[in-house]
Amino acid sequence: MAEQQDGSPRRGRSPAPIDTSGGQHIHFESPSITGRSSIGNDSTTTSAMTSPLSMDCMNGSRRPPSTGNDVDDDECTARPFQRTRSPNSDMKRNKGAEYEKVGDQGVCKMHKFSLYETAVRYYIVGADVMDKKFRILKIDREADAGNLTISEDEIVYTKKEMSQLLNAIDDGNKSTGGMKLRCSTWGLLGFIRFTGSYYMLVITKRSQVAMIGGHFIYSVDGTELVPLTTGPSSRFKTSDAKNAEEARFLGILSNLDLTRSFYFSYSYDITRTLQHNIMTERAALAQGCPYPHDQDYNSMFVWNSYLLQPAKSALKNTFDWCLPVIHGYIDQAALSIYGRTVYLTIIARRSRYFAGARFLKRGANDLGYVANDVETEQIVSEVLTTSFHAPGPKLFASPNYTSYVQHRGSIPLYWTQDNTGVTPKPPIELNLVDPFYGAAALHFDNLFERYGAPVYVLNLVKSRERTPRESKLLHEFTNAINYLNQFLPKEKKIIHKAWDMSRASKSRDQDVIGTLENIAEEVVTTTGFFQNGDGRTTMPRVQNGIARTNCIDCLDRTNAAQFVIGKRALGHQLHALGIIGDTSIAYDTDAVNLFTHMYHDHGDTIAVQYGGSQLVNTMETYRKINQWTSHSRDMVESFKRYYNNSFLDGQRQEAYNLFLGNYIFAQGQPMLWDLATDYYLHHADPRAWSNKVRRSYINWYTPSFLEKRVLPKYVDPLGVTANKPLGYFDDYWLEYYKPLAVSSLLKIFSYMGKMNSTLRYIPFRSTQEGRYDLSPFKVRTEADQDVPDKKKAKKGVTIVDPSEEQQLAEAGEDDSLSIKSGTTVTTKRISIQRWLQPIQEKEKAEQGQVHGIMKGSGVGGEEKKQKEKLTPLDKSKAAQWTFTQVVNESLNPSVSVQEQDDYSRYVSHPLTLPLVVSTELPTEINNEYLEYVNGSWKDIGIVTGIKEEDLAEYRDFLTVAENPLTVMEEDGVKKRYKAYRKWLLGKSLFKQQPID
């Protein structure tokens, strides 16, 4: 590779003015170029995250690039370039030498960019991850409205040469203000226009979120929209003043927050599953294809696909400059098993087709794309080695990588919900009844293409309702699957499992999690999962088929079901890696708790993107272990979801339509905000159907999509790839390890230290005492958790006033002590177990207290009896008080001697309240009030006419039976047992909240 050749002397010639008619090279605004270098303080080393163009020369000698020790590897903002101005003749190229071009050693992947501007052009300088290769891109700022003029230079420059180039451009533009640095970026998202000139969208901040095979995945933390127009101070043609429509379009686009849940990677295709990526690389090896081959990104998940179209038409190597981004959720955590580390990675990819807000996008469009279409992949890998390659090296054959893929999406029928009213759950309407179920046929054919067969449909909508809502869709969806299954081969038929999860969660005799566990085991064994291998020492596995889960919103119930399926798949994946001996993992273990935390974040993120709020019902709800305090949280999330759906979803939908290119401004057409509906933006034009051949209603599927998928056999590189080093196929270590760069292990592995891990679930003290099992597959109980230390009493001597000694001897409670002495005693809230402690034990504790003249030291009086430290067994026994024992203590109260004395003292205490003894009326009194006081109400009395049956019932209520907790047969007719009679008939004592 070119990185390996940079160490040798390079021949070249000074760059001269280049013709840009072919659009392949840069045109310089100066007739000649003078090389410039830095020999002073500007000659400093740059980190892998700094701008690429600082000089590496000292007295004409070259040095390997190094990383500054004061810069973290995960720095979120790129460093700007410090251009040097002092000339140095040693930096000129030799005459007759040629430049290295991009095609000589494959595509030059760039990881950081610097944006410069002159009066009439923008220049983007890109650098690779090692700061050794540089390229430049020119963008014209004077192009006509609607035109985008971009020139790409295929020459790969060194730092010296790039500094020469930029200084020459600066000199050629001195008359118009020279060249200035606009910003430093991590990549381009693309170009977009509304009514006038184009805008360029760049990434200004990023952060690492995952690492797969040595390839980092980043989240977008900051963006900037740069207008491709001339500045207001330029003497060249300036752009017209922004009209009202342009400003409004910019305001609509700003409603889409690109800094939340957008992800990209420089060297790993995150738009595809791990299985697809490995199979593609293995197929390329078997065919002897040269590297690097073209990336086949999945357009369904490339959310900036519309912004990339202008760049694709103007650039030869589009993805060297522009980055495809996905929208969804990515998280990674570490599972520590006695020194072995396993990475759990969850990647959720949201489809850009038929994308939108909850009530505005339901069902499917006529192209077969469904709303809320999300592909969730969980990658479980043991990081004994970093890359995808097995020792040997056997390329892309490491058996330490496994993955499992699930799918969620709205029911593929034509149905909507009108949310123009104030109803939280609008009625469901089936808009179009298609007897051939064309939308469902297209949808399932697309699933076969992406994942193979069979498709396991887990349908969680309600089956029985007083007013049919969800049940209407259940009936129609069942008919659709039955119709489509008529024409599929027997072993490839769609498996439909309909289960009313909402009703089951409200029933006492149904185990929701147990039923989901059985379904999950059937799903995982039916579809299988992916595990890499070379086919000789380790046998690979391939996932054929997909589990498609849906409810109405595909949020709460769907996420719980997907968690259980993912948990079951996790057990199979760990078993395949040789981590555990069984294929199942118990709940309440560190591994499952970590996995639950990741899936809760996954569900919350997907719910915010589609529904406007986080999950209303979590796994604790369906496991029936949620605390009563979570009810208020559920109510808040329900209200947030209702508010967003009613008032904010329209704005979000407009932003989606504008960013995704569903709406494109055209002169004479209605504006985006004037559209009564966006139906025609998401469905095909009916006028275009006449030119297409109608799909068969019987052969609705593509037979090749049903074929079983097999991982290509491993073969050594063939043809032009034979005898090539590993770096020719995969340069992952450049991004991960940064060779030839001065750094530290702490910075190299800084991301790993920030990753969530099961080690954080381990109580530190219990581990020191040897009472904690470090296995992440051990079921944890409350006894395994750390109990915080009680604040120890300060050691010392406290002198008590002799006059208070008598009072202290009489006082047995801290409260009485504080009242009598006038001091303030800090009280502490006691736990429920201590509150339930028997009164007899309290009396024994009080009798053992002996007050002396000195507190806390035991000197001068009888020493206190040291309280024995309770063992965990004693504590658990003390807490095992039943409800019956508590009631018996309440019905048979007892008063201690000390409490009796305190009450007597309180009753006999002389009161100093003034008594009213005068009968004289005040001189200033309201006559109306006086008439009311002397009125006839005194003769009526407060209580009038009590019925005899009411008195009898009251007497019966005061009578305490021998067994007050036992309800006799004659008690059944009493009013106070009305709720009990209903409970015996099967009704609940409490009002149940609907679970959606």
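Predicted model: local features only at pLDDT ≥ 70, side-chain atom pairs only at ≥ 80, totals over all residues.

Let me begin with the cavities. The structure holds ten cavities of 30 Å³ or more. A cavity here is a set of points on a 1 Å grid over the protein atoms alone, where a 1.4 Å probe fits but cannot get out; the points are joined across faces, edges and corners, and a volume is the space filled by probe spheres set on them. Rolling a probe the size of a water molecule over the atoms shows where empty space is left.

Residues are numbered from 1 along each chain as its sequence is written, and side-chain values use heavy atoms, with hydrogens and water left out.

How much space lies in the largest cavity? The value is about 80 Å³. Its lining residues, which have an atom within 4 Å of a point, include Pro-412, Leu-413, Tyr-414, Tyr-437 and Glu-476. By class, the lining of the largest cavity has nine nonpolar, one polar and two charged residues. In this scheme Ala, Val, Leu, Ile, Met, Phe, Trp, Tyr, Cys and Pro count as nonpolar, Asp, Glu, Lys and Arg as charged, and the others, Gly among them, as polar. The largest share of that lining, three residues, comes from helix H7, residues 438-451. Helices (H or I, at least four residues) and strands (E, at least two) are DSSP runs, numbered from the N terminus.

Let us stay with Tyr-437, which is among the residues lining the largest cavity. Tyr-437 is placed in the loop between strand S21 (428-430) and H7. Although Tyr-437 is not a glycine, it has a positive phi of about 50 degrees. Is Tyr-437 buried or exposed? Tyr-437 counts as buried because its relative accessibility is 11%, the term buried meaning under 20% relative accessible area, with exposed over 50% and partly exposed in between (1.4 Å probe, protein chains only).

A second residue belongs beside this one. Asp-131, also other than glycine, has a positive phi, near 60 degrees. Asp-131 lies in the loop between strand S7 (121-127) and strand S8 (134-140), and at 4% relative accessibility it counts as buried.

Two peptide bonds also deserve attention. The bond from Gly-392 to Pro-393 is cis, with omega near 0 degrees, and Pro-393 sits in the loop between strand S18 (374-382) and strand S19 (401-408). The bond from Ala-453 to Pro-454 is likewise cis, with omega near 5 degrees; Pro-454 belongs to the loop between H7 and strand S22 (455-459). Why point these out? Most residues other than glycine have a negative phi, and most peptide bonds are trans.

I turn now to a pair of helices. The axes of helix H11 (residues 556-576) and helix H12 (residues 590-611) come within 10 Å and cross at roughly 145 degrees. Axes are lines fitted to C-alpha atoms, for helices over the stretch in contact, and angles run from 0 to 180 degrees between N-to-C directions. Which residues of H11 and H12 meet? Among them are Asn-559, Phe-563 and Leu-570 in H11, and Val-592, Tyr-599 and His-602 in H12, where contact means heavy atoms within 4.5 Å. By class, the contact of H11 with H12 has five nonpolar, six polar and one charged residues.

Asp-590 also lies in helix H12. Asp-590 is buried, because its relative accessible area is 3%. Asp-590 touches residues including Thr-758, Tyr-761, Lys-778 and Arg-780, not counting residues up to four places away in sequence.

Val-512, in helix H10 (residues 512-527), is buried, with a relative accessible area of 2%. Val-512 and Arg-623 are 111 residues apart in sequence and 7.3 Å apart in space, C-alpha to C-alpha. Met-671 lies in the loop between helix H14 (630-659) and helix H15 (679-682). Met-671 and Glu-245 are 426 residues apart in sequence and 8.5 Å apart in space, C-alpha to C-alpha.

Finally, the chain as a whole. There are 31 helices and 28 strands in the chain, and 47% of its 996 residues count as buried. Thank you for your attention.

How values were computed
1 Å grid on protein atoms, 1.4 Å probe; cavity = no way out; pocket = protein on both sides within 12 Å on 5 of 7 lines; lining within 4 Å.
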